[in-house]
Structures are given as C-alpha cells and as structure tokens.
Amino acid sequence: MMTAITSRYLHKLGKVSIRIATSARQTRLVSHFKFYPDSAPSELGNTEKRNLFQSITDALDTTLDEDPGAIVFGEDVAFGGVFRCTVGLGAKHGYHRVFNTPLSEQGIAAFGIGAAAVGVTAIAEIQFADYIFPAFDQLVNEAAKFRYRSGNLFECGGLTVRAPCGAVGHGSLYHSQSVEAFFAHAAGLKVVVPRGPIQAKGLLRACIKDPNPCLFFEPKVLYRSAVEQVPIADYTLPLGQAEVVRPGKDVTLIGYGTQLHVLQEVAEMAEEQLNVSCEVIDLQTIVPWDEETIYQSVIKTGRCLVSHEAPISSGFGAELAASIQAECFLNLEAPVSRVCGPDIPFPHVYEQFVIPDKWRCLAAIKKLVNY
C-alpha cells in the first residue's frame, strides 16, 4: 500500500535536484536549501562566530550562570548530548544541575513539570522531537492546563522543553518529523521554531524567561550548517512576533525554521525569473502567532503562500490559510496556497521527493500570480 502511494506521489512531483555518482557509489543528495545568514543589530554589541548548536549552548550557559535554581536534564545531556548542545555545561555548573535522565520521555516531562511547579527553572531536552509523543499526555494534559485548572494558584511556567526537529537528509521515519502542529492545539503552551543562531539564542532565552511552559523546536539540519555572527551579550527576542526578513509587494511567503531559507531562495528566483516581488516572513513563534504582521502583509500583496515540512493535512499552515482567508478575503487576488509535506510517513531514500523544495514553491508562486 505504501509503495503504491509513494510511487504515485513521486511521479506527481516530477524532477528534483540530485547529484548522480558513479554506478558503484550511492547517489548523494544536494541540500534542499541554502542558508541565509542574518546580521545582529549593532546595539547588541560585539559578536562571535557561532553555529546554531553553539548558540543554544550559550543560552543555556547564561541561564545557569544567572539563575542558581536552573537545571538542564535529558537523555545523554551530562556528556553534551548527541548534538553537543550541552557540552561543557556539566563540568562548569555541576552534574547536579546538568544531568542525565532515564530513557523515558514521559518521565522527563513529568519531572520537569513537577520541578517547575515548585519554582525551579527546568530546561528539559527530548533527544529527538519524533520521540516526544510518550510525553504528549504530560505536556498537553498537565503542563498546558496546570495554571488554568488551579485557578492561577499554581503554575509550571518555569518549564522549557527543547527538541531537535525536521528533515536532515537521512533521518527517515523516526528522526525527521516536524511535530509543532500537534502542540498548537493545546492552550497554555507556547511553541517556537528558530531559523538560525541569532534567533535561537534570543528566542530560547525568551522561552526560559517566559511565565508559561514553552516548547522550543530546533531544526537539527541547521545545528552545524547555520553559522552567524552572534552577539556575545545576553539578549532576548520577543515571542509571538513574526519578522519580515525580505520586503516585497506581490506575494507574501510565510514559513519558519529551515523552510524559511527555502522561501528566501524562492523569493530571489521569483524576482529573477518572473519579475515577482515576494515578501518573506518568518513566523518564529507558532503559538501565539503574529496575526497583525501576517494580515498587514497579505492585505498589501493580495497573494500568499504558506510552506512547512510537516504534512499538509492539519499542519499549522492550514490554520494560517484559514485565518488569512477569513480576515483578508476582500484583499485576496488568489486563494492562499500551501506547499507542505505529503500525508505519508517520512521516507528515507525518497526524502528529496517529499521535501517542499524551492521548485515546488516557485511553481506555486507562478500559479498565484497567474490565477
């Protein structure tokens, strides 16, 4: 059954960018995106070259320095984690504050909720977002509802849960998923996805300081491929605020995480090949999302494309599309378009066919402007 579905989908997608090796070697995939580095605001002071995982480490180090009640925990966290985001923190701050947990995501979340409920700044790591589902009940039925069900007498706002997410080129079913939409339904949680090192540090620090439990999903393909000059000083970036990373006047492109870089390249292609000016917006915070920035842009351009790696059905792009069409209907020149992952388990050797790459996004822009 899956073979038939996948085959039909691959046939529909058509050409993709691949590099063919000799017959004796495996085909190697060209990365589906080009990273677009940002520049930090000058008022944040001196910068240092860092990749995304180093920015995460810096944010955690700053938190442990300033808050003696902060703890960092998860599977393999004490030795630095599989992606090295906590390397050196145990030795510096003590292994009673940076420590390993049993292989139990449900237990990690439950421990974090309990710790946060008694005033601890609890920063949990789920080793892969794909394995967060055993913790789903704790996060959705306990963390999200803790304040509400007690009439604001108790809360666990000191809880931040980090998890690597998204496609990486070879992750297959259990190491490639984008799970943000599952948690967007749970009132009481904030959901954040950064696009690069500068945003990662500022948004993670904001999550840790926020009085609500936050889920911080880190696109793992960016851990080493995303490099920027990151401010050395401590800073936060506002949650719930999108960023216009490229102004435009003809089409609004909305994304987050790795997909934001795909959209930036698509915007360049659209301008060069179609003479179409695209406005690119990084949502940054999935919940709560920045309605004002999105609506203002769509009212200006009259056309909108939403793109994410997660499956298209009930993905967060569906909420964006429905809201945009409800609030901006009289300004739209075409229906809101979505370019997302298909409704199939994330494949291994066929990953390049299911990624919402620049070619699929460019084709969608052509349809929007010709509608």
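Which side chain meets glutamate 243 in a salt bridge? In this predicted model, the partner of glutamate 243 is arginine 195, with an N to O distance of 3.1 Å. The pair links distant parts of the chain, since glutamate 243 belongs to strand β11 (residues 243-246) and arginine 195 to the loop between β8 (190-192) and α8 (197-209). The two residues are 48 residues apart.

**Salt bridges**

Side chains of opposite charge can pair when their charged atoms come close. In this structure the count comes to 20 salt bridges.

| Salt bridge | N to O distance |
|---|---|
| Aspartate 282 and arginine 195 | 2.7 Å |
| Arginine 246 and glutamate 271 | 2.6 Å |

Arginine 195 also forms a salt bridge with aspartate 282, at 2.7 Å from N to O. This pair again joins distant parts of the chain: aspartate 282 is in strand β13 (residues 278-282), whereas arginine 195 is in the loop between β8 and α8, 87 residues apart. A network of salt bridges links Asp38, Arg195, Glu243 and Asp282.

The side chains of arginine 246 and glutamate 271 meet in a further salt bridge, at 2.6 Å from N to O.

Glutamate 243, at 29% relative accessibility, counts as partly exposed. Glutamate 271 is also partly exposed, with a relative accessible area of 41%.

**Threonine 63**

Where is threonine 63 found? Threonine 63 is part of helix α2 (residues 52-66). Its relative accessible area is 1%, so threonine 63 is buried. Which residues does threonine 63 contact, leaving aside its neighbours within four places in sequence? They are Ala70, Thr121, Ile123, Arg205 and Ile208.

Terms used. Residues numbered from 1 in each chain as written. Predicted model: local features only at pLDDT ≥ 70, side-chain atom pairs only at ≥ 80, totals over all residues. Heavy atoms only, no water. Salt bridge = Lys/Arg side-chain N within 4 Å of Asp/Glu carboxyl O. Helix = DSSP H or I, 4+ residues; strand = E, 2+ residues; numbered from the N terminus. Buried < 20%, exposed > 50% of the residue type's maximum accessible area, 1.4 Å probe, protein only. Contact = heavy atoms within 4.5 Å.
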